Amino acid sequence: MSRRHRADKRQVVPDIRYSSPLVAHLVNVIMQSGKKNLAQRIVYGAFEKVSEKLEKGDPVDLLIGALENARPRLEVKSRRVGGATYQVPIEISYERQESLALRWIVDAAGSRKGIPMKDALATEIVDAYNNTGSVVKKKEDTHKMAQANRAFAHLRW
């Protein structure tokens with residue numbers, strides 16, 4: 001990793017069905033070993049299930065609502081100062097908030113054993129939309145950790 005330049009942000013090409021960069025990002029997070037077709041089938045199947053469960057209309061809007069409840073505003077980063085390591089709370093950018101929320105939703109869906117991935121993903125999206133479930137709990141735990149370590153906030157740079 002180069003110390004000289006920051007990596008350039010790449011524009012995510014919107015997905016085919018919903019023409020939304022957010023859905024394309026979700027597909028990319030789910031994708032493993034370059035199998036984008038399979039990841040798209042999982043996401044679109046999950047969106048159909050979410051629409052059935054919530055009966056509120058556009059699944060992209062439901063995903064946005066779920067992300068609103070799952071996005072962390074703060075996180076802690078390790079800083080080494082004078083031989084000691086401190087967990088320093090920092091505010092994070094909107095892109096990182098979205099990235100973390102999507103990753104947490106996919107990880108929580110993957111940890112549900114015994115059901116297909118599209119069903120698990122649909123359940124996690126519905127749980128996040130309803131402000132319940134493991135993703136929202138993870139966000140709250142992250143915020144609690146940041147609150148507990150706010151005494152070290154002066155160490156951020």
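Helices (H or I, at least four residues) and strands (E, at least two) are DSSP runs, numbered from the N terminus. The model is predicted, so that local features need pLDDT of at least 70 and side-chain atom pairs count only at pLDDT 80 or more, while totals for chains, interfaces and linings use all residues. Residues are numbered from 1 along each chain as its sequence is written, and side-chain values use heavy atoms, with hydrogens and water left out.

**Exercise 1.** Work out how helix α1 and helix α2 are arranged.

*Solution.* Begin with the axes, which are lines fitted to C-alpha atoms, for helices over the stretch in contact, with angles that run from 0 to 180 degrees between N-to-C directions. Those of α1 (residues 21-30) and α2 (residues 36-54) lie 9 Å apart, and the helices pack at an angle of about 120 degrees. That makes α1 oblique to α2, given that angles under 35 degrees count as roughly parallel, over 145 as roughly antiparallel, 65 to 115 as roughly perpendicular and the rest as oblique. Next, list the residues in contact (heavy atoms within 4.5 Å): α1 contributes Val23, Leu26, Val27, Asn28 and Ile30, while α2 contributes Lys36, Ala39, Gln40, Ile42, Val43, Tyr44 and Phe47.

**Exercise 2.** Decide whether Leu54 is buried or exposed, and find what Leu54 touches.

*Solution.* First, locate Leu54 in helix α2. Then compare its relative accessible area of 14% with the cut-offs, by which buried means under 20%, exposed over 50% and partly exposed in between (1.4 Å probe, protein chains only); Leu54 is therefore buried. Finally, leaving aside residues up to four places away in sequence, Leu54 touches Leu62, Val126, Tyr129 and Asn130, whereas the C-alpha atoms of Leu54 and Ala109, 55 residues apart along the chain, are separated by 18 Å.
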